[in-house]
Structure formats: C-alpha cells, structure tokens
Amino acid sequence: MQHAAAHRLDASAVADTAWAYAVLGIKSEALMAALAEQALHDGFLSTAVSPNIANMAWAYATLEIKNEPLMAALAQRTAQTDYLQNMNAQAISNTAWAYAALGISNEALMAALASQTTQDAVLSTFESQAIANTAWAYARMSIKNEALMAALTQQIMQDGVLSTFKAQAVANTVWAYATLGVRDEVLMAAFAQYVMQNGFLSTFRAQNVANMAWAFAKVKLKDRKLMKLLAKRALQDGLISTFKFQEVASMAWSYATLSIKDQQLMTALADRIISEENFRKDLTSQSVANTVWAYARLGVRNRKLLDVLAAWILQDNFLSSCTVQAV
C-alpha cells in the first residue's frame, strides 16, 4: 500500500488493516506508520466505532510498535461516552491488554474501562480469556481498582465460568490478584480446587506452574496439596528442563516462603541451574538473592549450586547491579 492510499481509508478500514497485519504477524513499519498518521488527522477518530479503536490498539501492541501519539489519541477516543458505552468484553480486555503490553500507563483510560466493565450488562459477558487479560493488564500496570477486581471475582464465581478457564488464563489471573495484593481466599481456593482435578495440571507449562506457586506464596495462602501437585507437575515429562532462571527462582522462593520443603523439587531446581550455562545472561540480582535465600530458608545445603551462583555473581560486575536487599 502506498502512503497516499492510506489517506483514503476510513476509520474502520484503518483498524481492519492494522488488525489483519497483526493477526498474520507481519510487521511493516512503514505501513503502520502511515496508518497511524491517517488516524491522527483532526477529527478522524471521532468517526470510529467499537471495536475499531480496540482493534487498532491491539494490533500495534501485538506487533510491538509503541506509537505514543497514536495510543494517546486512541485512549482519548475510547474514554468518550459515545464510544465507551458500546464496548463489549473483548474490546475492553483487548484495549487494556494493549496498553499494558506496550507499557503505556493511562489512568484515565483504565478508570473508564473499569467503569464500563462493572456495568452488569457488560460484566456478565466476560469469559475466561477476557477476565484473565483484563486482570493481567491492571496488575502489569500496578493499577489496583478495587471495584473492578471485585466485579471480576463475582463473574469468575458465576456458575459455569471457572470451568472454561485454560491453564494460561488461570495462571495469569491468580498472578494478577497476587501482584495487586488482593487476597481473596475463596477465589484462590476455587482456582486451586479447579486445577487439581481431572488432570488439569498436565496442561500447565513451566511459566504456569511458577506463576501459580508464586501467587499463593505472595498472598500467604498455604495449600499443601496444591503445592505438592505443582511440584509433581514440574518434575513430570521433562518440564523442569524448560524452566527459565526466573521461573526456577520463583519456584524456590514460593516454597520457601510457605515453609514447604520438597527435597526432590529443590534438587531438581538446583540441577536445572547447574546444568544451564545460558542462565547467566538472564540473571538479575533479585532472582539470585531469592534463590540463595530460599535454599537457606529451607535448610537445603547444595554446595554445587551455591558455588555456581557465587561464580556467576563474581563475574561481569554483577554485584554493582545489586540492591541493598539483594546483597
């Protein structure tokens, strides 16, 4: 598409074009810049109807194109009553996800989205993926909207909703609640019970296992049966070999925080660190400190692990990046 051709597209066509390229995973910087330029013309976005704006925001976020003038304009249009009141669950969740994924914090936008979500007619249409994406977005941006989180909890606990959650949605949702410091024992117990039945945990990947364990530890909910099964899942089917360093550190910290000493798990986590030389490039001071603290807290003395971590810490001026707490 030539630059001039983009100027002939209306709001719906601009949104559909951006969405299509994002769905196909084709990142054309020139095209996306031209579409953004067209969208930023005076009065252009005022003609956009739902889900045009949501689709545009989602597309730029999916393609990892952070066009701040465009995103500011999209946020402004989204918050306008005539647009906002017509947003459905998918449009809301996609919009929230897009801004969080791009790391663009817009409190006015997020307040407007939360307000629309809590409308009964809208809330009742939220399905598992929309719930998870919305919760994740607010947590990612550290926006704790009590009314929104209460509304999402209410929807999750409706008959037939929880049973539609897949592994990623479960992990993202409990992670979000824990990250925001929302300690809802009934909700967390419901998620725990759900994942512990019918072989559901067999669908968990490394990140799902780590996030679930971390969430329960973060809000200090000690479910021994769940933690035992999460450890068992980590040790099944070679899954432990797919854990990244952050996930290993998170698992170790979670079990130590809850004072649950699973020797087999801690040995496997240590072996994972020892055997993976490439972990060195993923080190952060906090993840290293959390790992060392966890083994000490549980009284698990693994000299080889500690020697490996010490060697890593002593290389490449690693200590200069450490916080006081990590040291």
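**Reading aromatic pairs and the core**

Analyst: Let us begin with a cluster: Tyr194, Phe200 and Phe204 together form one aromatic cluster. The model is a predicted one.

User: How many aromatic pairs does the structure hold?

Analyst: The structure holds 5 aromatic pairs. One of them joins tyrosine 194 to phenylalanine 200, with 4.7 Å centre to centre and 45 degrees between the planes, a tilted arrangement. The class is tilted because planes under 30 degrees apart count as stacked and those over 60 as edge-to-face, with the rest as tilted. Tyrosine 194 and phenylalanine 200 are both buried.

User: Which geometry do phenylalanine 245 and tryptophan 312 adopt?

Analyst: Phenylalanine 245 and tryptophan 312 make an edge-to-face pair, at 6.4 Å centre to centre and with 70 degrees between the planes. This pair links distant parts of the chain: phenylalanine 245 belongs to helix H16 (residues 245-257) and tryptophan 312 to helix H19 (residues 303-313), 67 residues apart.

User: Why do phenylalanine 245 and tryptophan 312 count as buried?

Analyst: The general idea is a threshold: buried means under 20% relative accessible area. Phenylalanine 245 counts as buried because its relative accessibility is 0%. Tryptophan 312 has a relative accessible area of 4%, so it is buried.

User: Which residues touch the most other members of the largest nonpolar core?

Analyst: In soluble globular proteins, nonpolar side chains tend to be buried together. Here the largest nonpolar core has 130 residues, of which Phe165, Val195, Phe204, Met212, Leu230, Phe243 and Met251 touch the most other members. Helix H14 (residues 206-218) contributes the largest share of this core, 9 residues.

User: What does phenylalanine 165 touch, leaving aside residues up to four places away in sequence?

Analyst: With those neighbours not counted, phenylalanine 165 touches Ser128, Ile131, Ile156, Val170, Thr173, Phe191, Tyr194 and Phe200.

User: How should I read the chain as a whole?

Analyst: Consider secondary structure, burial and contacts in turn. The chain has 19 helices and 0 strands, and buried residues make up 53% of its 327 residues. Among contacts between residues at least 6 apart in sequence, 81% join residues at least 24 apart.

User: Where does UniProt place the annotated domain?

Analyst: The unreviewed UniProt entry places the feature "domain: RNA-editing substrate-binding complex 6 protein" at residues 137-311. In the model, this span is 64% helix and 0% strand, and its end C-alpha atoms lie 37 Å apart.

Terms used
Residues numbered from 1 in each chain as written. Predicted model: local features only at pLDDT ≥ 70, side-chain atom pairs only at ≥ 80, totals over all residues. Heavy atoms only, no water. UniProt positions renumbered as here; feature names shortened; annotations may be inferred. Helix = DSSP H or I, 4+ residues; strand = E, 2+ residues; numbered from the N terminus. Phe/Tyr/Trp six-rings, centres within 6.5 Å; stacked < 30°, edge-to-face > 60°. Buried < 20%, exposed > 50% of the residue type's maximum accessible area, 1.4 Å probe, protein only. Core = buried A, V, L, I, M, F, W, Y, C linked by side-chain atoms within 4.5 Å. Contact = heavy atoms within 4.5 Å.
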